[in-house]
Amino acid sequence: MKIKRVFPPLLVVIGVGLLTAIAASTAIRTERPELPENIIEDVTATAARIDDPMLRRWDELGIAPAPSADELEVLRRLSLALHGTIPSLEEIRLFEADAGPHRLTRWTAAMLNDPRFADYFAERLARAYVGVEEGEFVIFRRDRFTDWLRIQLGDRRPYDEIVREMISGRGVWTGKGEVNFVTAGFANEEFDANKLTARTVRAFLGQRMDCAQCHDHPFDDWTQDQFQGLAAYYGQVELSLAGIRDKSGEAFGLPDKAAEYLKTGTIATELRKRFRENGDGLRKHARLEMVAADRLWVVRDSQKIEENLEPRFVIRRTPTGFAVSSYEGEYFIEDRDSLEQQVVDPSVPFHPEWLGTEGTRRDRLAAWVTHPDNRRFDRALVNRVWGLLFGKPYLSDRPVDDLPDPDREEDAEETRVLDLLGCDFREQGCDLRRLVQVIAATRAFRMDSRAATSDPQQLEQAERAWAVFPITRRRPEQVIGAMLQANTVRTVDQNSHLFVRFQKFIRERDFVNEYGDLGENELDDRAGTISQALLRMNGEFAHEMAEEEPFTAPGRIASYSSTPEKLLENCFLACLTRRPTPEEAAYFLPQLEDDNDEPDGVVQDVFWTLFNSPEF
Amino acid sequence: MPPFPTNAITRRDALRLAAGLGVSFLLPGMTVRAAGRRGAERPRSLITLWMAGGASQWETWDPHPESKHGGPTWAIKTTAGDLQISHLLPQMAEQMHKLSVIRTLVSKEGDHERGTYFVQTGYRPDPTVVHPSLGAILAQQRPGEGVEIPMHVSLATGDGFVVPRGGYLGDEYDAFRIYDPGRNIRNMRQRVGDKRQQRRLANLDVVSRSFRRGREQQVDDTLHEHVIERALAMMSSEQLSAFLLDEEPRAVIGRYGDSRFGRGCLVARRLAQQGVRSIQVVLQGFDTHADNFAGHESQCAKLDPAFAALMRDLEEHDLLDSTIVLCIGEFGRTPWINGLDGRDHWPLGFSCVIGGGGLRSGVVIGGTDPDRWAGEQDIPSKDRTPPADPIEVPDLFATILQQMNVAPDLEIITPIGRPLAFSTGTPIERLLV
């Protein structure tokens, strides 16, 4: 009994001791982020090249661009886009103390080198590559995939290499994270080449040809044949004890005159001979079966019993004669109308010369997708990264993965910026961080969200042409990420105590679950819901995050701020990364004076207010 | 009602529209409220009892004691003629004359997430578009006059596979989730006293106005303030009491059973009474890959009293003619019993129960043969023999939509520019009166 009674207070004592030790041991960072002069110059010059056509466009449209935003606000944008949170009071102090030139460019580089960037971007990009569902646990491990991607981003591996590994990955999905890109293509325990093909085209080429799975695309030029040709590149994917691998499709040819004996429907002596010559002896009871008239046959054979004949080889007509290949390695589809089986040869809808010549079908596809001349590949990534930085993709009225064809003249003006960024991305060795660095240095990114016009039509034009920074709804992980950070004076990152990081992980997961995960298409334009408003106003999380406790920001701000003015300023900086306006100060200060008529929870209420403001 | 072309309206239009709706939303409009009407005249509601994890049809609505794969489950007589159901559902046996049974629902999705998506939306998962769940379609197409609480609710939900979503109709039609029904109304109550709450709201007004300055149009486009206003209206609504059980006699609560599911069913009846359009009550725990029989015994001990009490209660409150009750899960379970005495996923022919809302009762559709299927254990699922008289899930949805006065074939232009019908199925004539 005694021990039980003593135990809880003892725990508290130990806990407080631990926390104090943690608080004392973490050194406050004071270093100023540096970046070599030549890199700063290069980034600035490249960003200016991107600004050029945008300036011309604003000029042509007669739009006045919004003025530059306050640098603190840009810092906040960067933090939300690259780390999914807001700057801590600690970071704000450090930023403001940095009087050096090109402060934002240097800070962008530092934020990209922070492991939080790889962490956060791996999750964002994973949504495009494997979706959000946990899928079939036995063959798919989403956590392994994001973990692998995080490491690649952390190591600053060229993006084209990362993609090639995903498309052609072999082995076991638990050990090799990239293989989960392929195993995500399993549905109902079977590999679905169509699912993976549609995903490949959406995620890496920024085009939706999903409809072409079943029919020719109604609006674009995609045909069903093109889709099936692409899907055939995944047609040899096989699940084995050694994980994902490719079935072999080794083949030999038959002369044109073979038509004669194939017509007979039996395995002629001559055919048997050809098999023997190529090292594939057929048994006596092997059978030839015509699958499609005069074009396609299957040879069935078995080791022992005559009844259990298995399909072993495929013979099909080619322009020059006939080709024999192993049944296993072929990609079959069933024609929807005739219900006939067809073998589909791999083919790409354009530029077959980009295909690799070496390796498996998937190796060749990977080479084609990431080929340096494949502008779709660069554009797709640029549009997505732009979307993650601005909250809306560059072509803001279309889904992020549904870009117009790069050869369409009529879109050239609108897509020029995508191509310029794409070119630079390629020239710089598909360096994702460099791309972010350049976009973040453009005039568009550093612009105010207050437009230079209030006319609704002009505003709409300005929004489309990026002459004003867009206001978009925060995604759930950003809402909770920002609340968690606002709750702490110090930066919550990999240097935080394990307990803090664990708490962050749990709270983020629970909050996102309750707020509603936006899923795979998280860059779509959508409005908030009532349950989200209720969660922000009355939920457990918001309540806890605003509480004045000895170790939380609200508590520390309340006890350490020397004057009501300082107190208010700290609350605003912690939550909104800005100082209160004079009007706001005049309104809030009386509440923070000692003699207000409801002294309880004043700071908590200010935090609550700022958490629920449209700006948060 | 004309189709709602979601892609044709911009946020800006939506705001104007919402502002218009907002006014009517705040008006009491009591005269036309569903809560004031009775019987078949009431606008209909749907209550879905969701058997999460996939209930075994063999241990519920389709027992086969004669089969060597039937397990220890035996069949009992019901009030619906020749219909027999599992002995684990004795109270339901007395309610079956109010309901119909479909024993041959078919699906191709044998994975929890995909299966749930399919049986909640009527469409197979498509990465380019999120289809709305049946409940979201009903909530959007049949808005309730004077109802201040959410029109699409999911009760006893939580660690489930998929939540019913609004999909391309908009996140505002996502199911409003209550984890522990009857116990609390999560996030609906302000956290502080009135005086502080007023201070908070006054503060919020100040910072909102200050942020709007120079960004009026863009901030309005986010609907932020509008959504907060509606949330506040909901927080102060008397209709919130429909989520609580304070007014219910202990005996009534007892009849439903004191589980999250039992309380959920009672809250569902109270919500239907208020005019809430679509209510899902989730019963977790049907994924019995091991110990199927013990598992179903305890699952049915929750399902049986709650479902039976709900049917009685709806009738006593004269709500049965205006409330469709559907009991369904993402799939059924294998005809054979595995090495762990469990049954695995089986989408090829499984059961659901449906009734009320003016639908025909006492109908039994389809029959299954577990022994024949058990003989096909080793062949790929796509090559297995489909059941006789198969019923497609979209057909079931079309039946419900039509019965609730929503044209099933109504096409909506989705945000990806592709027109999609609410349901690709046709109503099941045998269930219609």
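Which helix of chain A is Glu37(A) found in? Glu37(A) belongs to helix H2 of chain A, which covers residues 37–61. Helices here are DSSP runs of H or I with at least four residues, strands are DSSP runs of E with at least two, and both are numbered from the N terminus.

Before going on, here is how to read the names. This is a predicted model, in which local features need pLDDT of at least 70, side-chain atom pairs count only at pLDDT 80 or more, and totals for chains, interfaces and linings use all residues. Residues are numbered from 1 along each chain as its sequence is written, while chains are lettered from A and ligands numbered from 1 in the order in which they are written.

Back to Glu37(A): is this residue buried or exposed? Glu37(A) counts as exposed, because it has 10 C-beta neighbours inside 10 Å. The cut-offs are 20 or more other C-beta atoms within 10 Å for buried and 12 or fewer for exposed, with partly exposed in between; the C-beta atoms are placed from the backbone. His102(A) lies 65 residues away from Glu37(A) along the chain, and 9.9 Å separate their C-alpha atoms.

**Domains and a sheet in chain A**

An automatic or database domain assignment sets the domain bounds.

| Domain of chain A | Residues |
|---|---|
| Domain 1 | 117–247 + 364–369 |
| Domain 2 | 250–329 |
| Domain 3 | 473–616 |

The centres of domain 1 and domain 3 of chain A, taken over C-alpha atoms, are 38 Å apart.

Chain A also has an open sheet of 5 strands, in the order E5-E9-E8-E7-E6 and with antiparallel pairing. Its edge strands are E5 (251–254) and E6 (287–292) of chain A, and each of them pairs on one side only. Two strands count as paired if DSSP finds at least two bridges between them. Inside the sheet, strand E7 (residues 296–301) of chain A runs antiparallel to strand E8 (residues 310–318) of chain A, and 6 bridges join them. One place to look is Leu296(A), whose bridge partner in E8(A) is Arg316(A).

**A look at chain B**

Chain B contains 12 helices and 15 strands. Its radius of gyration, taken over C-alpha atoms, is 23 Å, close to the 22 Å that the globule rule gives for 433 residues, so chain B is as compact as a globular protein of that length. That rule is 2.2 Å times the number of residues to the power 0.38. The C-alpha trace of chain B spans about 75 × 50 × 40 Å along its principal axes. Of the 433 residues of chain B, 53% count as buried.

Strand E5 (residues 152–155) of chain B is covered on both faces: His152(B) and Ser154(B) are buried on one side, and Val153(B) and Leu155(B) are buried on the other. E5(B) pairs in the parallel sense with strand E7 (residues 278–283) of chain B over 4 bridges, and Ser154(B) has Gln280(B) as its bridge partner there. E5(B) also runs parallel to strand E6 (residues 176–178) of chain B, with 3 bridges joining the two. In this pair, Leu155(B) stands opposite Ile178(B).

**Where the chains meet**

The contact takes 48 residues from chain A and 48 residues from chain B; two residues are in contact if their C-beta atoms, placed from the backbone, lie within 7 Å. Helices of chain A that each supply at least two residues to this side include H10 (193–205) and H21 (530–538). The largest share of the chain A side, 7 residues, comes from H21(A).
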